[in-house]
Amino acid sequence: MGETISALYDVILKRKTEGEEGSYTKYLFEKGTDKILKKVGEECTEVIISCKENNKEEQINEICDLTYHVLVLMAQLGISVEEISAELENRKNKINNFKGERKPVSNV
């Protein structure tokens, strides 16, 4: 999966700088961070909704949509796949890191 993610990220970076007219990825970069964040939020919600159903194909599709939009966000923010990989590598070695349940939000 790592090679696929890296290859997709490279395509996203290329579209950021050389995107063709009509490219959805180019459109997202032209609209900027707020639009990209909106799409990430929408895709998160769609992942949650799809996981409440019993349709694995839909779940896979929504997770792929979210992954793509997170990669676009990373490119927008200048965060590389290598930086994420390094952090995940650090985290996989952590044990006994559970800090307990979060306190409920009461002042909304």
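1. Which backbone nitrogen does a side-chain oxygen of Ser23 reach at the start of H2? That of Thr25: the oxygen comes to within 3.4 Å of this atom. The model is a predicted one, and the points below concern helix H2, which covers residues 24–31.

2. Thr25 also belongs to the buried part of the helix, together with Leu28 and Phe29. Viewed down the axis of H2, the buried residues fall within an arc of 95°, so they line one face of the helix.

3. On the face turned away from the buried side, H2 carries Glu30 and Lys31, which are exposed.

4. The structure holds 2 aromatic pairs. In the pair formed by Tyr24 and Tyr27, the ring centres are 6.1 Å apart and the planes meet at 25°; planes under 30 degrees apart count as stacked, so this pair is stacked. Tyr24 and Tyr27 are 3 residues apart in H2, and therefore about one helical turn separates them.

5. Tyr24 is partly exposed at 36% relative accessibility, and Tyr27 is partly exposed at 33%.

6. Ring pairs also bring in Tyr68, giving a cluster of Tyr24, Tyr27 and Tyr68.

7. After H2 comes Gly32, which has a positive phi, near 95°.

Definitions and conventions. Residues are numbered from 1 along each chain as its sequence is written. This is a predicted model: local features need pLDDT of at least 70, side-chain atom pairs count only at pLDDT 80 or more; totals for chains, interfaces and linings use all residues. Side-chain values use heavy atoms; hydrogens and water are left out. Rings of Phe, Tyr and Trp (its six-membered ring) pair if their centres lie within 6.5 Å; planes under 30 degrees apart count as stacked, over 60 as edge-to-face and the rest as tilted. Helices (H or I, at least four residues) and strands (E, at least two) are DSSP runs, numbered from the N terminus. Buried means under 20% relative accessible area, exposed over 50%, partly exposed in between (1.4 Å probe, protein chains only). The arc is that of the directions from the helix axis to the C-beta atoms. A polar contact is a pair of N or O atoms within 3.5 Å; within protein, one must be able to donate a hydrogen and the other to accept it, and residues adjacent in sequence count only if both atoms are side-chain atoms.
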